[in-house]
Amino acid sequence: MVNTNNYAELAEKARRIRINALKAIHAAKSGHPGGSLSSADILATLYFGELNIDPKNPKMADRDKFVLSKGHAVPALYAALGERGFYEVNEMMTLRQVGSKFQGHPNMSKVPGIEMSTGSLGQGFSAAVGMAIAGKIDKNPGRVYVLTGDGELQEGIVWEAAMQAAHRKLDNLVAIVDLNGLQIDGKVSDVKCVCPVDEKFRSFGWNVINVDGHNFEELTTAFDEAKKCGGVPTAIIAHTHKGKGVSFMEDNAGWHGKAPSDEELAAAIEELGGDN
């Protein structure tokens with residue numbers, strides 16, 4: 001575990017995550033930049049300030065586990081794992097190519113550091129609840145973290161799992177909602193409104209913390225608070241912007257699943273401070 005409260009360092013890691021995610025999506029000519037960019041600060045905080053993991057021993061018994069339930073945002077996760085030392089970052093530039101282990105959704109049998117294969121929305125959330133239950137049974141000190149999108153909360157399987165998590169008093173489980181307000185078809189509120197997300201989790205018996213999902217201090221504090229909350233799971237509602245960091249992608253549903261052109265990639269990298 002890195003355990004840093006150096007927010008400038010976290011910001012630099014998030015910047016690198018954004019750049020490498022975009023570069024991989026551009027190379028693949030396919031992928032999901034919007035949700036990858038909205039989750040970059042969350043992933044930087046997890047992988048460089050929160051998770052008890054060891055890149056040299058990815059399967060250590062008492063490790064924390066992270067599940068990307070919104071599996072289409074995997075370019076950001078691949079970038080985070082690469083920055084953390086699980087492999088060389090440039091390996092992920094084979095994203096979505098035939099034969100590459102870096103597929104368009106996480107595959108736990110191919111990429112070190114991936115704890116659960118995900119893609120069908122809602123199933124990763126349920127798997128994380130199962131992992132947390134297993135941890136309790138085994139008396140394993142490792143904690144379980146799961147990142148879900150707000151559009152994903154339209155899936156009933158999420159709420160079945162949320163009810164089970166509260167019933168089993170899974171205080172070793174933290175769910176983070178990437179609440180960027182957009183999904184592939186437009187505004188979440190227009191497609192099928194899921195608000196109020198915080199009150200819904202509370203009604204299911206969860207401890208709930210609202211944060212700015214791009215504020216490293218708020219994210220770090222929330223993860224610390226979650227550890228102190230006994231007897232219930234914690235939901236961190238992270239208010240984010242889809243496409244965060246690139247002006248022409250921000251809050252634009254059209255960038256949910258579109259690869260940038262050569263010119264757009266160059267402009268995005270320049271906005272993000274350059275590829276250095």
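How much space lies in the largest pocket? About 220 Å³. The points below concern a predicted model.

1. **Largest pocket: the lining.** The pocket that holds about 220 Å³ of space has 17 lining residues. Nearest its centre lie His72, Leu121, Glu152, Gln183 and His256. Sorted by class, the lining has eight polar residues, six charged residues and three nonpolar residues.

2. **Helix H3 against helix H9.** H3 covers residues 40-49, and H9 covers residues 216-228. Their axes lie 10 Å apart, and the packing angle is about 50°. The two helices are therefore oblique to each other. H3 and H9 make a right-handed crossing.

Which residues make the contact? H3 contributes Asp41, Ile42, Ala44, Thr45 and Leu46. From H9 come Phe216, Leu219, Thr220 and Phe223. By class, this contact of H3 with H9 has six nonpolar residues, two polar and one charged.

3. **Helix H3 against helix H4.** H4 runs over residues 74-84. It packs on H3 at an angle of about 30°, with the axes 10 Å apart. Angles under 35 degrees count as roughly parallel, so H3 and H4 are roughly parallel to each other. Their crossing is right-handed.

On the H3 side, the contact is made by Leu43, Tyr47 and Phe48. On the H4 side, Ala76, Leu77, Ala80, Leu81, Glu83 and Arg84 take part. What classes do the residues of the contact of H3 with H4 fall into? Seven are nonpolar and two are charged, with no polar residues.

4. H3 packs with H9 at about 50° and with H4 at about 30°. Ile42, Ala44 and Leu46 are among the H3 residues in the contact with H9. Leu43 and Tyr47 are among those in the contact with H4.

5. **Cavity count and volume.** How many cavities of 30 Å³ or more does the structure hold? It holds one. The largest cavity has about 80 Å³ of space.

6. **Cavity lining.** The largest cavity is lined by 13 residues. Ile53, Asp64, Phe86, Gly113 and Glu115 are the closest to its centre. The lining divides into seven nonpolar residues, five charged residues and one polar residue.

7. The lining of the largest pocket includes eight polar residues; that of the largest cavity includes one. Nonpolar residues number three in the pocket lining and seven in the cavity lining. Charged residues number six in the pocket lining and five in the cavity lining.

Technical notes
Residues are numbered from 1 along each chain as its sequence is written. This is a predicted model: local features need pLDDT of at least 70, side-chain atom pairs count only at pLDDT 80 or more; totals for chains, interfaces and linings use all residues. Side-chain values use heavy atoms; hydrogens and water are left out. On a 1 Å grid over the protein atoms alone, a cavity is a set of points where a 1.4 Å probe fits but cannot get out, and a pocket is an open set with protein on both sides within 12 Å along at least five of seven lines; lining residues have an atom within 4 Å of a point. Grid points are joined across faces, edges and corners, and a volume is the space filled by probe spheres set on the points. Ala, Val, Leu, Ile, Met, Phe, Trp, Tyr, Cys and Pro count as nonpolar, Asp, Glu, Lys and Arg as charged, and the others, Gly among them, as polar. Axes are lines fitted to C-alpha atoms, for helices over the stretch in contact, and angles run from 0 to 180 degrees between N-to-C directions. Helices (H or I, at least four residues) and strands (E, at least two) are DSSP runs, numbered from the N terminus. Angles under 35 degrees count as roughly parallel, over 145 as roughly antiparallel, 65 to 115 as roughly perpendicular and the rest as oblique. A crossing is left-handed if the near helix is turned anticlockwise from the far one by less than a right angle, and right-handed if clockwise. Contact means heavy atoms within 4.5 Å.
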